[in-house]
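Open the model in your viewer and keep the selection tool at hand. We will go from the whole chain down to single residues.

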Amino acid sequence: MAKDLMLTVLKTGKTAKELWNHLKNIFQDNKGSRAANLESKFVNLRFVDCNNVDDYCDKLQALSNRLSDLDFPMDEKRLVIQLVNGLPEEYNIVASFIQQSMPSFDTARSQLRTEEIRREQQSNFSSHTALAAANNQRPPATSSSVTSSFHSASAHQRPEPSSLMGHQAALLPTPPGPIRHPTAPNWAPQWTSPPSPYPAVPYWSQQHHLSGRGRGRHLS
């Protein structure tokens with residue numbers, strides 16, 4: 001016992017029973033308020049506030065035992081009813097079955113645990129099915145995409161034409177002298193025309209010209 005509490009309880013001329021009753025009155029004078037607080041926690045407890053079914057049932061059982069210690073006993077049927085009232089909508093089927101059969105608290109707890117295991121297995125199966133469907137919907141790699149990727153990879157590895165010109169000889173000879181644009185003034189071709197084997201004046205024109213000159217001499 002704490003020293004301050006001992007000084008408060010111990011009185012001269014009191015018997016042990018009287019001291020015990022005094023001590024009990026100190027701790028139980030607020031029994032009503034404590035019971036009201038525990039009752040509020042018991043009624044407002046929900047499954048979503050707990051980790052799993054076992055945690056939810058353990059908290060309900062603990063609150064019920066504390067209420068019984070404060071002279072507010074709670075029967076098992078009320079404990080089962082509160083167990084059902086705090087369940088979410090996902091457990092409506094098993095909650096309805098528990099309300100109709102009204103089993104013991106331990107039996108209702110076992111039924112909820114079985115439902116929880118079934119829901120976990122169903123959730124795992126749905127996730128695996130969705131993952132498999134997503135993998136099947138991926139388009140396969142076509143030959144055109146493979147070819148384009150090959151060409152793109154080859155383009156990165158292919159050297160530039162300028163680098164090839166530095167290692168290989170030119171295919172055509174380079175004409176001497178500066179290259180001028182055709183539209184520039186005083187432009188002349190860089191090459192000379194080869195001599196033509198044919199005369200610039202037709203043969204018959206030369207004969208006609210010579211004959212005309214002879215006639216003029218005779219006339220003169």
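Start with the whole chain and its contacts. Count the contacts with a separation of 6 or more positions: 49% of them join residues 24 or more positions apart. Keep in mind that this is a predicted model.

Now colour by secondary structure. Read along the sequence, the pattern is α-α-α-α-α-α-α-α-α-α.

The protein chain exposes about 17900 Å². Carbon and sulfur atoms supply 57% of that area. Of the 220 residues, 18% count as buried.

**Stop 1: the core**

Hide the surface. Select Tyr-56, Leu-60, Leu-83, Leu-87, Ile-98 and Leu-112. These belong to the largest nonpolar core, which has 26 residues, and they touch the most other members. Which helix gives the most? H4 does, with six residues.

Zoom in on Tyr-56. Leave out residues up to four places away in sequence, and look at what Tyr-56 touches. You will find Leu-45, Arg-46, Phe-47 and Cys-50, and also Gln-82, Leu-83, Gly-86 and Leu-87.

**Stop 2: helix H3**

Select H3 alone. Pick the C-alpha atoms at its two ends. They are 20 Å apart. At 1.5 Å a residue, the 14 residues of H3 should span 20 Å, so the two values agree.

Now show the side chains of Ala-35, Leu-38 and Phe-42, the buried residues of H3. Look down the axis. They cover an arc of only 65 degrees, which means that they sit on the same side of H3. An α-helix has 3.6 residues a turn, so residues three or four places apart point the same way.

What covers these buried residues? Bring back H4 and H5: the cover of the buried residues of H3 includes both.

**Stop 3: Arg-109**

Move to H7 and select Arg-109. Is this residue buried or exposed? Arg-109 has a relative accessible area of 16%, so it counts as buried, the cut-off being under 20%. Show what lies around Arg-109. Beyond its neighbours within four places in sequence, Arg-109 is in contact with Val-53, Asp-54, Cys-57, Asp-58 and Leu-83.

**Stop 4: two loop residues**

Go to the loop between H6 and H7 and select Met-102. Its phi is positive, about 50 degrees, although Met-102 is not a glycine. Met-102 is partly exposed, with a relative accessible area of 31%. Set aside neighbours within four places in sequence, and the contacts of Met-102 are Lys-77, Val-80 and Ile-81. Now draw a line from the C-alpha of Met-102 to the C-alpha of Ile-81. The two residues are 21 apart in sequence, and the line spans 8.4 Å.

Finish in the loop between H4 and H5, where you will find Asp-71. Asp-71 also has a positive phi, near 65 degrees, and is a residue other than glycine. Is Asp-71 buried or exposed? With a relative accessibility of 54%, Asp-71 counts as exposed.

Notes:
Residues are numbered from 1 along each chain as its sequence is written. This is a predicted model: local features need pLDDT of at least 70, side-chain atom pairs count only at pLDDT 80 or more; totals for chains, interfaces and linings use all residues. Side-chain values use heavy atoms; hydrogens and water are left out. A nonpolar core is a set of buried Ala, Val, Leu, Ile, Met, Phe, Trp, Tyr and Cys residues joined through side-chain atoms within 4.5 Å. Buried means under 20% relative accessible area, exposed over 50%, partly exposed in between (1.4 Å probe, protein chains only). Helices (H or I, at least four residues) and strands (E, at least two) are DSSP runs, numbered from the N terminus. Contact means heavy atoms within 4.5 Å. Accessible areas come from the Shrake-Rupley method with a 1.4 Å probe; for residues, only the protein chains shown count as cover. The expected span of a helix is 1.5 Å times one less than its number of residues. The arc is that of the directions from the helix axis to the C-beta atoms.
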